Amino acid sequence: MAHEKILVLDFGGQYNQLIARRVRENGVYCDLWPYDTDIKKIREYNPIGIIFTGGPNSVYEDGAPHIDPKILELGIPVLGICYGCQLIAYTLGGKVAHADIREYGRIEIEYRESQIFKTLKEHNICWMSHTDYVSEVPSGFQITAKTKTCPAAGFEDPKRKIYGIQFHPEVHHTAEGNKILRNFLYEVCGASGDWTMSNFVAEQVSLLREKLKGKKVLCAMSGGVDSAVAATLVHRAAGNNLTCVFVDHGLLRKGEAEEVVEVFRNKLGMNLIKADVRDRFLEKLKGVCEPEKKRKIIGEEFIKVFEAEAKKIGSVDYLVQGTIYPDVIESGKGASAVIKSHHNVGGLPSVVDFKEIVEPLRDLFKDEVRKVGTELGLPDSVVQRQPFPGPGLAIRIMGEVTEEKLQTLRDADYIFREEIAKAGLNQEVWQYFAVITSTYTVGVMGDARTYEPVIALRAVTSVDAMTADWAHIPYEVLERVSNRIVNEVAHANRIVYDITSKPPATIEWE
Ligand code: XMP
């Protein structure tokens with residue numbers, strides 16, 4: 001695909017994927033590559049601009065990541081952010097100094113005339129997170145922004161189209177930060193904005209149509225966003241040559257299994273095989289209390305069921321995988337194919353008789369995958385689905401999994417989800433669900449004593465599930481949820497709310 005491309009060179013900072021996502025949100029395709037990528041490869045990639053990200057090092061440190069200075073001579077516009085700007089100064093003969101105290105948080109900044117600060121308010125707020133700073137800009141450069149402690153918070157050589165900024169425009173806390181990125185993309189690099197999800201769908205469908213013509217294609221549908229969107233995209237191109245296998249292990253939330261059949265088979269007309277193995281999974285999980293053992297059993301059973309279904313179909317040409325760009329980046333160099341390590345698809349390639357893997361979403365970030373799903377006509381309930389663990393409700397029931405507990409959990413969880421949505425919190429909360437604990441407490445219902453497991457509610461905010469905060473759900477919402485659960489759900493007599501962040505807790509309870 002001949003899109004205009006920005007190359008983001010990764011120096012190991014925490015916001016690196018965010019920079020790439022912001023570039024794409026602004027309608028320009030970009031890739032995130034390691035900082036030591038060979039200059040020959042960069043030239044061949046032919047980007048319209050290069051962004052150096054932040055990173056944890058000091059430029060003078062032993063082993064600090066440096067660049068081939070020739071990158072700055074390619075005539076391609078460069079924007080250095082944080083460590084990236086210090087690197088520009090260091091590489092071109094400026095000076096970087098070490099401050100006694102770290103400058104961190106929202107900081108007042110003063111912008112001067114610059115193409116990248118065009119239309120910005122002169123006195124503004126930016127987000128800083130640094131200890132080193134540029135104390136002397138290289139010759140030929142002019143200073144374009146300063147803060148109280150940072151004399152060269154912005155500097156540039158517009159003739160060479162090289163720009164440095166000490167702060168983070170990609171973070172929401174930098175007021176008008178997106179304008180800076182847009183100015184770099186459109187004013188400096190001359191982008192036209194040809195990266196849109198409707199273009200992506202049109203291109204992919206036409207490419208896939210060519211590639212999959214007359215071929216047999218197989219996809220494991222989990223109900224998750226990635227596999228759903230990948231399958232729908234492939235279906236547009238391959239039609240009935242695509243078979244989707246959905247393993248209903250009985251561990252999905254209320255209404256989800258039915259929805260998979262309704263959306264993909266009934267509405268979209270896909271060739272969907274549903275393997276109803278709910279009893280088999282319950283049987284295998286009988287008496288099992290240890291979380292890792294549950295995970296292992298579920299993973300292995302899933303593979304066995306899928307293998308049996310795939311055997312019925314026979315040899316296929318392509319196996320569809322819902323790999324997305326963060327999986328590719330995290331796998332290392334972004335060049336080789338990765339199979340998601342997600343337990344319930346990870347083992348598939350070894351048991352299915354196929355010739356090649358097709359990964360139509362491997363260039364997309366999660367928010368782009370959702371947009372593609374919407375573009376393809378998938379409902380919000382599928383596209384906006386919150387992350388859900390492969391082992392499903394089995395790891396939200398402490399101790400043994402039984403049908404009775406699954407029923408209670410599904411009903412309680414459904415009420416929680418419904419009330420969160422009604423309160424308009426479903427976008428800002430990352431994950432929210434109910435858990436059945438293994439602690440039994442006494443309650444009173446009418447005149448009778450009850451003795452039931454405590455139900456816990458968990459809701460967290462997060463950006464990547466690596467860390468999370470407990471969500472500050474308003475008391476009134478919690479009250480409604482609690483009242484409804486004890487009134488409407490069998491075996492519910494006590495509800496608690498989990499107020500622990502990750503770390504030290506994890507998001508799931510098992
Ligand atoms: P934790 O509980 O480790 O979860 O904080 C982080 C994220 O991963 C999800 N999760 C899983 N996903 N298989 C999965 O596919 C699993 O075994 C699993 N365990 C946790 C969890 O829902 C959260 O989004």
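These are my notebook entries on one predicted chain.

**Ground rules.** I number residues from 1 along the chain as its sequence is written. The model is predicted, so I take local features only at pLDDT of at least 70 and side-chain atom pairs only at 80 or more, while totals for chains, interfaces and linings use all residues, and side-chain values use heavy atoms, with hydrogens and water left out.

**Whole chain.** I looked up the secondary structure and found 16 helices and 18 strands (DSSP runs, H or I of at least four residues for helices, E of at least two for strands, numbered from the N terminus). The radius of gyration is 26 Å, close to the 24 Å of the globule rule for 510 residues, so the chain is as compact as a globular protein of that length (taken over C-alpha atoms; the rule is 2.2 Å times the number of residues to the power 0.38). Along the principal axes, the C-alpha atoms fill a box of roughly 80 × 60 × 40 Å. I noted that 55% of the 510 residues are buried (under 20% relative accessible area; exposed is over 50%, partly exposed in between, with a 1.4 Å probe and protein chains only).

**Backbone.** Most residues other than glycine have a negative phi, and most peptide bonds are trans. I checked the segment after β18, where proline 503 and proline 504 lie. The bond from lysine 502 to proline 503 is cis, with omega near -15°. Proline 503 and proline 504 are also joined by a cis bond, with omega about 10°.

I then looked up alanine 465, in the loop between β16 and β17. Its phi is near 70°, and alanine 465 is partly exposed at 22%. Histidine 491, in the loop between α16 and β18, has a positive phi of about 65° and is partly exposed at 32%.
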